Amino acid sequence: ELKAVAQSVRLRVESITALHCRSGRSATPDCTEHERALAELQRTYEERRAQQRFDAPSSEQSTELSAIKTALPVDTVLLDYFVTGNEVVTVAVRRDEPAVVTLHKIPRAELRGRVRRLVDILSRSIVDKDVQLENDTRTLSAILLKEPLALLNLQGVRRLLVVPHSELHQLPMGYLPFGDASHLIERFDLQVLPFAGYRPRIGRTTATCQRPDLGVGVLLHSSGSSYLRSGSLERDLVLRTYGLAPSRLSNRANGEMLLSALVSKSIVHVIAHGDVPVRDGFATLAMPVSTEDERHLSVLDILDSRRDFSACLTILSSCHLARGRRSAGDEYMGIPRALLEKGVGTVMGALWKIPDTDETAYLMQRLHERFRLEPWAAAAALAAEQRQAINHHVPPKVWAALVAIGGYLEQEYSGTH
């Protein structure tokens, strides 16, 4: 999949070698071989750039590419991004079609600036018409969506799997325009795969999603400096959706309760503040680890749990927790990835601070009315609710922040319960 990048890197290496050779600073006296290799690479590279389609992947690529294509339902396209210092490489894969690779020249600093500006504007309460916002969304859409998807047959496609890279992990992809649609989410359901290593698991399921009868767990931590004005309303609305009486339990849920629910419940809904990254460099969930340990629950606390989780779906009704910290090889680590690693099927979270209002509480209730029917189809349920929010002119601060991370793809599960 990185064939285009490899060609680019080899081209640059040969260019530098040839320059050293011509300047007399090369240890190799004969420059002919370097010049020939440079010319051949230049020709191949330009042909690939013009063609932008790899009809015949190399033998090393064939095995993984075939496995990914086999796991993809026919209505799904995988978009895998790779950001270099001056390029964005996009790999678009659909079953029974050649893989498409596009390269777009853009300095990394410019890409980072556009993403950060977009997030900063959208996270405001009211988004006014903004020339810079429109410019950024058009540019990002052209680079990330228009160029690669133009080379694929999109007939019958209803879902995009997105593997972000670098700054793109912070981007609300569903907000970007595409074709005649004002927002991508109006055209496709979206699922985010939080790291490239998750791709071989895109066809995986667990037994929990076949057993929604295991029930729902709703945990609220709202006290002291972590008080949430609409937290109790949100908890009670979610419980009523499943025919459960409003809870009289304490508003002081802790990490031990959460880990137990993740083991025993099909759907787990968490209502708590999300902290900006401080401890361990990761965002934390503002609930104590236990009754004896007042530290906020972190990524490491989840990963260190000795139990594997069974929850088909976990909703993090908290600020910032869909974001993560970049680790080696761009494998982003955060609470969503920690939950996925421990066995959770899908995690829904927010990319920025979501408002603590009744509007958010009722939005969560409507999402659960969809989730309870097909908890494995969380991405489709979220997309449907986001389209409804757009139609009712709900500010993007609320709906654009929410993303479905991980998830199941098997079509045969749809509508079976």
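Which strands and helices do the buried residues of α7 pack against? They pack against the strands β7 (216–220), β8 (267–271), β10 (284–288), β11 (296–297) and β12 (313–317), and against the helix α9 (335–341). The model is predicted.

**Helix α7**
- Helix α7 spans residues 255–264.
- Its buried residues are G255, L258, L259, A261 and L262.
- These residues cover an arc of only 160° around the axis, which puts them on the same side of α7.

**Aromatic pairs**
- The whole structure contains 2 aromatic pairs.
- One of them joins F178 and F188: the ring centres are 5.9 Å apart and the planes meet at 50°, so the pair is tilted.
- Both F178 and F188 sit in the loop between β5 (159–163) and β6 (189–192), 10 residues apart.
- F178 and F188 are both buried.

**Cavities**
- There are 3 cavities of 30 Å³ or more in the structure.
- The largest cavity holds about 380 Å³ of space.
- Its lining is made of 33 residues.
- Nearest the centre of this cavity lie H169, V192, L351, V403 and I405.
- At least two lining residues come from each of β6, β14 (332–333), α9, α11 (378–391) and β16 (402–406).

How values were computed: Residues numbered from 1 in each chain as written. Predicted model: local features only at pLDDT ≥ 70, side-chain atom pairs only at ≥ 80, totals over all residues. Heavy atoms only, no water. Buried < 20%, exposed > 50% of the residue type's maximum accessible area, 1.4 Å probe, protein only. Helix = DSSP H or I, 4+ residues; strand = E, 2+ residues; numbered from the N terminus. Arc of directions from axis to C-beta. Contact = heavy atoms within 4.5 Å. Phe/Tyr/Trp six-rings, centres within 6.5 Å; stacked < 30°, edge-to-face > 60°. 1 Å grid on protein atoms, 1.4 Å probe; cavity = no way out; pocket = protein on both sides within 12 Å on 5 of 7 lines; lining within 4 Å. Points joined across faces, edges and corners; volume = space filled by probe spheres on them.
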